[in-house]
Amino acid sequence: MQKVYMAKCCRTPIGSPAGSLSNMAEKDILAEAVRALLNKADIPGRKIGAELNDFVAGCCFSQEPHSYAKKALVSAGIPANIPAVCIGRTCASSMEALIIASRNIIIGAADVILVGGTENMSQSPYSLKNAYMNIKNSTKTLNDLRDASYLDNIGLAVETAAREYGISRNKQDDYSVKSYEKARYAQKNGWFKDEIEPVRLADNTIFNEDEHIQFYKHLLDSEKNVPLFCEDGTITKKNATSINDGASAVLLMSERACEKYGIQPEAEIISSVVIGVDPGSICLAPHKAFNKLLDISGIKEDDIDLIECNEAYAAQMCICLKQSKWNPEIINIGGGSIPLGHPLGSTGLRICITLLHHLKRNSVAYGVAVLCGGGGIGSGVLIKNLT
């Protein structure tokens, strides 16, 4: 059994709805992340991209008729003999890609695997379909929609859970404002600069900073704040994630590959987990994935220094915090997906990358990245900072 390491990692800035990345296809956004990552990883005399064993990439709502993963490799200048595979596990797609790749290295099936995640929600027909559905449902009460499928409408599942657990709209808004304040502070102080690789846009300008933070500020300042999923609901644009675009990439290596290439890895992947929950219990999925992750790893909760948990909705986070023993001071210390943005297929990797950089900056060891996914999925990764 081999150890598996995060040798290098990076992500693009996160684009707002119809923002800077909206005109780029998901494969092209992914190619930007791949190209930047491999430029960071290449060493004198060796091109790591030519020696990959595989490329495993995740996307939630792929619009490509054929493999976006292979197309991204070709666009990034990777030799055609490198294979690629596309992974779909809703919002956990890129984290699932990381887990699959990690396990292939652990069992000795590979030594160098590139992992990616991408999404262009601005162009997604699913985003438009969901918007129409939400407009239709917004004139009905939650009771009117009690027979709706939680498999098809995650927002209603979360809205129902918020009522069940007594999570008010004010509590959700308060959580969201605090997350924004953390994200804005992190951005102003350059916390994200080391993880973000700039993207050159079609007009030749350089896009190098998460733009959704400022976009979200406009939402906070707006007086328009109506329920999204039902007439008497508590979830609004101010306490839920948005339609976003972006990509992330991680280079995984075995111990012998790190020695071969003379690369000092940034982190070790200690353990990973995927669980299923009832679609109506999606808010509890990160909490349950976290608990199982600790059970199988043997690491105690007191040993966990930082946690990144995707903020699909503020209500989801409030429920996780209510049901768990998590210390709020160590969760999403640079803000979460409500202010940063949630490009679905990129987020699973994005929170792992952000977590690692938070660990490095704070000189602490253990971190957990967890998230929920549509249909009732919980996924988590435990990493150890080696820098």
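1. Strand S11, spanning residues 377-385, is largely enclosed by the rest of the structure, because eight of its nine residues are buried. Buried is used here for a relative accessible area under 20%, exposed for over 50%, and partly exposed for values in between, with a 1.4 Å probe and protein chains only. Strands are DSSP runs of E with at least two residues, helices are DSSP runs of H or I with at least four residues, and both are numbered from the N terminus.

2. This is a predicted model, in which local features need pLDDT of at least 70 and side-chain atom pairs count only at pLDDT 80 or more, whereas totals for chains, interfaces and linings use all residues. Residues are numbered from 1 along each chain as its sequence is written, and side-chain values use heavy atoms, with hydrogens and water left out.

3. Strand S11 is paired with S8 (residues 267-276) in an antiparallel arrangement joined by nine bridges, where two strands count as paired if DSSP finds at least two bridges between them. Within this pairing, Ser272 stands opposite Val381 of S11.

4. Strand S10 (residues 366-373) also runs antiparallel to S11, and eight bridges join the two; Cys372 is found opposite Gly378 of S11. The hairpin formed by S10 and S11 has three residues between the strands, and Gly375 in this hairpin takes a positive phi near 90°.

5. Turning to charged side chains, the structure holds 14 salt bridges, a salt bridge being a side-chain nitrogen of Lys or Arg within 4 Å of a carboxyl oxygen of Asp or Glu. Side chains of opposite charge can pair when their charged atoms come close.

6. One of these salt bridges links the side chains of Glu96 and Arg89, at 3.0 Å from N to O. Glu96 is buried, with a relative accessible area of 9%, while Arg89 counts as partly exposed at 29%.

7. The side chains of Lys27 and Asp28 also meet in a salt bridge, with an N to O distance of 3.2 Å, and Asp28 is partly exposed at a relative accessible area of 27%.

8. Lys217 forms a salt bridge with Asp221, with the closest N and O atoms 2.8 Å apart. Lys217 and Asp221 are separated by about one helical turn, because they lie four residues apart in helix H7 (residues 212-221). Lys217 is partly exposed, with a relative accessible area of 27%, and Asp221 is exposed at 51%.
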